[in-house]
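Trainee: I would like to learn how to read aromatic pairs in a model. Please take me through one.

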Amino acid sequence: MTWKDILKMCLRNLRRRKSRTLLTVLGVLIGCCSIVIMVSIGIGTKVSQEEMLAEMGDLTIITVMVPNMGNDQNKLDDAGIRTIAQIPNVIAVSPKISPDELFNDIYFKIYAGIGDRYINDWLPVAAYDSSSLEKLGFKLVDGAYPATTKGVLVGEMFAYNFRDSYRPEGSNRVDRYANIDFNNFDPDQLKNNMPDPYFNPLTSSLTLVLEKEGIAKYSIPLEATGRVKEDYNKGYETSEGVLLDLAFLEQILKDSGAAKNTTEKKSYQNALVKVDHISKVAEVEKEIKRLGFDTRSMESIREPMEKEARQKQLMLGGLGAISLFVAAIGITNTMIMSISERTKEIGIMKALGCYVKDIRIIFLTESGIIGFLGGVVGNVVSLIISLIMNFVSEGAGGSKLSIIPLWLIGFAVVFSIFIGVGSGYYPANKAVKISALEAIKSD
């Protein structure tokens, strides 16, 4: 028998017992839906967690710190920076200097506008290797990266931290939350609804003022070339501060007298490391710790959350698989009943010289078709259910509850066919063992 003949015979036999076939397919459909929906909820939970963490900052950034009990072996100098840069999967490294960490009595202020009208009395400042900013994942809201070491970037909310010296106290600041309805709070619309600040930091004059006890007040003009996107995982300066080049900060500290020679030791307290993929963060952290440094990243939060999401996926998928195995029992029962009803037909096929393997293939194909139909229709129903769940969830202000990737659809169909063929294996073997003479004699 050709495959075409076998397929025609199988479809004819399934159509002949429509009610039984539909009920068996329904069982597979329910099982397939259970697996797809349960696993998709687990995937949706994982994606929601990653989106939540991504809002908190870059997940591929590692902050390297010198231990409190540091020694010459784990000194974070230029040689240490080069060693870290050679670790596999590291794409960028930059030292990070925060003057307030080096000097407890140093203060930065900044003035903006004509006549230094706008004043920022508290300014977080950090210095990086400006040539590495783009590689480190600092994203710009507007403007451009500095073309020279004397160019600076300002934080996304930089302009909102200024007071207007021409206005009375209590009404001299722009309230960035003035237009926000907290009764119907939508984080995605927060920045879009903010009122305009007093000035544009990229077009206004800026003057940095350094104050330290025992030295004269020192000021220097700044040229802001861009606004960096807020990312607290990189540092608070990305929100309301200023990002300088390392050499520029050293020059400022030296010229002001705050530090006599900042280049003498060339040692740093912190550094930022950019990893090429989130899955490699843990490995890179392990290597950095092996060099004797402390680390901090979102991995300590992400890893247990991902582990929990995987456990939920396995648990939900296992519950769905139970339904499909119950459907497998239904397929087996259907095929055994079909064999009992077609005993004489099997005997006639054997008497006419039909190969035993063809008889086995007929029953395996029938059970496989039932599994295939249940898998395909089950995926369609799952997609509809997923759309409804997501529509309700997003309508209530939440995120997607269910995400069905293409691989899950393919897996569900293949698994349904596998269950169908596997369920038909015992009945098929039973069919080929039937004696031709006894089968023909049976009523």
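Trainee: Where do Phe415 and Phe418 lie?

Mentor: Both sit in helix H11 (residues 406–432), three residues apart, about one turn of the helix. Helices are DSSP runs (H or I, at least four residues) and strands are too (E, at least two), numbered from the N terminus. This is a predicted model: local features need pLDDT of at least 70, side-chain atom pairs count only at pLDDT 80 or more, and totals for chains, interfaces and linings use all residues. Residues are numbered from 1 along each chain as its sequence is written, and side-chain values use heavy atoms, with hydrogens and water left out.

Trainee: What describes a pair of aromatic rings?

Mentor: The distance of the centres and the angle of the planes. Rings of Phe, Tyr and Trp (its six-membered ring) pair if their centres lie within 6.5 Å; planes under 30 degrees apart count as stacked, over 60 as edge-to-face and the rest as tilted.

Trainee: How many aromatic pairs does the structure hold?

Mentor: Nine. One of them is Tyr118 with Tyr198, stacked at 5.3 Å centre to centre, with 10° between the planes. This pair links distant parts of the chain, 80 residues apart. Tyr118 is in strand E4 (residues 118–120); Tyr198 is in the loop between strand E8 (163–164) and strand E9 (206–212).

Trainee: Is Tyr118 buried or exposed?

Mentor: Buried, at 11% relative accessible area. The cut-offs: buried is under 20%, exposed over 50%, partly exposed in between (1.4 Å probe, protein chains only). Tyr198, at 22%, is partly exposed.

Trainee: Which residues form one aromatic cluster?

Mentor: Tyr118, Phe158, Phe162, Tyr198 and Phe199.
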